[in-house]
Amino acid sequence: MRLTWLLPLFLLTSPVSADVRRPLSPLTSEIVAASDVPLPDCGIAGTPGELEAARSCVDAAVRNNRPFVIQFRMEGIDSVVWQAAIQLPSGRRMLLQHDSFGEGRITRETCQTFSFTDTLLPIGCEH
């Protein structure tokens with residue numbers, strides 16, 4: 001049986017607005033649900049260098065008390081870990097984390113501020 005007829009069906013069911021350069025985040029629905037308005041996106045980083053580059057967006061938003069979201073994706077030996085730092089229009093800050101190992105649960109923490117490091121999980125939540 002030839003499966004070539006599935007390609008048009010797959011293309012019709014794929015999101016039109018998907019950006020092939022950006023990986024799909026398992027945190028997207030949580031980010032959308034956290035705010036009544038779209039949050040300015042400071043990007044998705046996959047390396048500490050990319051995270052450092054996106055920090056200028058985060059620093060400007062924090063300095064001007066504006067909302068933002070920044071995500072980090074890290075591939076481990078047996079899982080993919082995602083982090084998202086969010087500042088809502090109300091000023092509330094949250095850290096979301098998702099680890100694909102096991103059940104793939106999402107954890108949420110309320111933060112006073114964020115820290116950014118060169119560690120395995122580079123976005124920290126300060127209480």
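Helix H3 bends by about 35 degrees at Ala54, where the bend at a residue is the angle between axes fitted to the seven residues ending there and the seven starting there. The model is a predicted one, in which local features need pLDDT of at least 70 and side-chain atom pairs count only at pLDDT 80 or more, whereas totals for chains, interfaces and linings use all residues. Residues are numbered from 1 along each chain as its sequence is written, and side-chain values use heavy atoms, with hydrogens and water left out.

**Helix H3 and its surroundings**

H3 has 16 residues and spans 22 Å from its first C-alpha to its last, close to the 22 Å expected at 1.5 Å a residue, the expected span being 1.5 Å times one less than the number of residues. Ala54, the site of the bend, is also one of the buried residues of H3, which are Leu51, Ala54, Arg55, Val58 and Ala61; buried means under 20% relative accessible area, exposed over 50%, and partly exposed in between, with a 1.4 Å probe and protein chains only. These buried residues pack against strands E1 (41–45), E2 (68–75), E3 (80–87) and E6 (113–116). After H3 comes Asn65, whose phi is positive, near 50 degrees.

Helices (H or I, at least four residues) and strands (E, at least two) are DSSP runs, numbered from the N terminus. The protein has three helices and seven strands, and its elements run α-α-β-α-β-β-β-β-β-β from the N terminus on. Of its 127 residues, 31% count as buried.

**Salt bridges**

The structure holds four salt bridges, each defined as a side-chain nitrogen of Lys or Arg within 4 Å of a carboxyl oxygen of Asp or Glu. Three of them are included here:

| Residue | Partner | Closest N and O atoms |
|---|---|---|
| Asp59 | Arg55 | 3.4 Å |
| Glu75 | Arg73 | 2.8 Å |
| Arg105 | Glu103 | 2.7 Å |

Asp59 and Arg55 both lie in H3 (residues 48–63), four residues apart, about one turn of the helix. An α-helix has 3.6 residues a turn, so residues three or four places apart point the same way. Within this pair, Arg55 is among the buried residues of H3, while Asp59 counts as partly exposed because its relative accessibility is 30%.

In the second pair, Glu75 has 55% relative accessibility and therefore counts as exposed, whereas Arg73, with a relative accessible area of 24%, is partly exposed.

Definitions and conventions:
Contact = heavy atoms within 4.5 Å.
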